[in-house]
Number of protein chains: 2
Amino acid sequence: MPRTIITAPPAPPCCPDLLTLALAGGPLSALRRLLDQHGTGSAAMAAGKEGWQAAGCTPAQCQALAKPAADDWARANAWLADDAHHLIGWGDPDYPSLLRDSPNPPLALFLAGNPTSLWQPAIAIVGSRMPSAGGRDIARDFASALAGHGLTIASGLAAGIDAAAHRAALACNGSTYAVIGTGPDLAYPRHHRQLQAQIAAAGAVISEYPPGTPPRSGQFPARNRLLAALALGTVVIEAAERSGALITARLASEAGREIFAVPGSIHNPMARGCHRLIREGATLVTHIDDILEGVANLAGELACALQTRLQTPISPVPSGQHPAVTPPDPDYQRLWDALGYDPTGMDLLIERTGLTAASLSSMLLLMELEGRVSSAHGRYTRT
Amino acid sequence: MPRTIITAPPAPPCCPDLLTLALAGGPLSALRRLLDQHGTGSAAMAAGKEGWQAAGCTPAQCQALAKPAADDWARANAWLADDAHHLIGWGDPDYPSLLRDSPNPPLALFLAGNPTSLWQPAIAIVGSRMPSAGGRDIARDFASALAGHGLTIASGLAAGIDAAAHRAALACNGSTYAVIGTGPDLAYPRHHRQLQAQIAAAGAVISEYPPGTPPRSGQFPARNRLLAALALGTVVIEAAERSGALITARLASEAGREIFAVPGSIHNPMARGCHRLIREGATLVTHIDDILEGVANLAGELACALQTRLQTPISPVPSGQHPAVTPPDPDYQRLWDALGYDPTGMDLLIERTGLTAASLSSMLLLMELEGRVSSAHGRYTRT
């Protein structure tokens, strides 16, 4: 049953109002402005037609806000009833800072899995849907090695390089998330349904499209913009001269992210896109150290933003949903106890704390910024 | 027999005096200044010790000028007695303009073959002495294709990439020259003696070291500086991370030349040097069009310099030596006759004129600059 939003009771829960806003479609800037002006989804909805118009909403948006499409609303609401499913809005403190600062950020993200994935330092690995065997191996090797350094592997769930990167991260118990161009309840390609479920269980599957949204070509470049913005940097491994991976790379560049491209033989047609990117200014990478070096500054900025986020009181969340970020103290205490004054490697810290490499990596970065920990050659010490 | 130069008769012939200067060794800047101040080799020699000191010559240089080493002088003089052997000095109008404008140009060049080679638009192709089969193929393919566009293939006569490039140019009747790090009468490696003779017959073998100079390690980086400066651009095809090819590339960059590097698989150790160059700013090349585009501006400048050179009266040359550049009119007339008002390709022009692609290319460039010819898609028309 659709709700007549204007007469709906105010938050809590605020999620239904945010969902109505997320389903309105049309220019995102007007909807973000509406949320900015009124602070919460419920206040934005309560502002009524006059308030919506004042924020710049189009007549179609006003219409959709006044009377959301019943089926769409019901389907999305049912999807969100699952504890593992989340809607993270523009005004939410959990909305990832890297995405907030990017061009044309989405009003809300539908997320299946762990919302803290969005705050983990991630590297996007993208490339051809039909890579060479060598390209697939490089995707696997880079993803494993980056995950081993505590980085989350972000990709687009496509066939080829994307799937190889996700699978490699899963295989080594690393963190991974997929940014997809359909609703979060659909898999594209269909035979990646199981992979999608594994990614949601180990990390997150993220979409700006509501449940039920089928694949449409225009949605994939839009998806690429999210992938590019969420990650610290984007690595392109094999791409034809005209390909989605190049679009992601261009969008990453527009979002101020570092682009990395893996070179190949001049006789490999799948290396052409990478060579083109390198000519246009992408960093040529032959080893993950090139990537780690290239994203170090932005990783520091993300750690600062995360620090601010952790100092913000947790926003009220609808009952039945997990708070996105739990207070960090017990984990930090465990890590502090596990650290000695002798340099200690990541493997030993994982063993001592029972925490994942991804979590430890973020926490150690924070503690380094606070001056409590120093690192050298991948080993950490109390200072 | 050594000559006591101070009492030697003045030019003509001027070559013996230039040879004495070329054999003096020591800082090149002082010897170039001496030639600049006095105009000719004979005047420079006639200036005597006071004049030599005034130009900044060291005591050892003054000693060598006053009393050249008898054996060295006799050996070089005997070598120069061959009609195909030349000594081209700093003050000579035939001294190539690209080399003149480079850092620390040599005082003189010992050249076996055709001195006009030095004025032909050339691309240096360099790389590993132990390339992969694929790298060798790229050297061959690029050299053939560039030679087919009328460019001279310059290299260093080394094993591997150098030899593959020279051989490919010879195989397609293109123009090629070798810049070597020994005296012009010696081959290094020795088993390239026959190749060296073929290069001298088809183009030129060039050295700043007098006949009889054996290979010494310090001479090869110095040789690389000449190779880099003489060519419009340097293409590196497969190079280990520390290699002579990288030195050539760095010197080419210091001489203001474009550096091109061919990428390869990240698993190919011979691609590492190229990847490093690309990271440092070299142009990534996958096709010779990238090279042609990259050197177009400098080729135009070289054509202007050549135009000036052709307007300069031919310098007096010792009897028995060929003038370096012959008056161009008959060849130009033949080319003009061969050109129609329909676009004509290089193959047809070669057939109609009997001239080589290399000569035609230089001439067509000149005629384009004069506004008499226009070109599009590799075909030429009268304007």
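**Figure 1. Helices of chain B at the lining of the largest cavity.** In this predicted model, α14 (288–311) and α17 (357–369) of chain B each contribute at least two residues to the lining of the largest cavity, helices being DSSP runs of H or I with at least four residues, numbered from the N terminus. With four residues, α14(B) gives the most to this lining. Residues are numbered from 1 along each chain as its sequence is written, and chains are lettered from A in the order in which they are written. Totals for linings use all residues, whereas local features need pLDDT of at least 70.

**Figure 2. Residues around the largest cavity.** The lining is formed by Trp119(B), Pro121(B), Ala299(B), Leu302(B), Ala303(B), Leu306(B), Ser362(B) and Leu365(B), where a cavity is a set of points, on a 1 Å grid over the protein atoms alone, at which a 1.4 Å probe fits but cannot get out, and lining residues have an atom within 4 Å of a point. The volume of the largest cavity is about 40 Å³, taken as the space filled by probe spheres set on the points. Seven of its lining residues are nonpolar, one is polar and none is charged.

**Figure 3. The second largest cavity, in chain A.** Trp119(A), Pro121(A), Ala299(A), Leu302(A), Ala303(A), Leu306(A), Ser362(A) and Leu365(A) line the second largest cavity, and the elements giving two or more residues to that lining are α14 (288–311) and α17 (357–369) of chain A. Here α14(A) gives the most, with four residues, and the second largest cavity holds about 40 Å³ of space.

Technical notes: This is a predicted model: local features need pLDDT of at least 70, side-chain atom pairs count only at pLDDT 80 or more; totals for chains, interfaces and linings use all residues. Side-chain values use heavy atoms; hydrogens and water are left out. On a 1 Å grid over the protein atoms alone, a cavity is a set of points where a 1.4 Å probe fits but cannot get out, and a pocket is an open set with protein on both sides within 12 Å along at least five of seven lines; lining residues have an atom within 4 Å of a point. Ala, Val, Leu, Ile, Met, Phe, Trp, Tyr, Cys and Pro count as nonpolar, Asp, Glu, Lys and Arg as charged, and the others, Gly among them, as polar.
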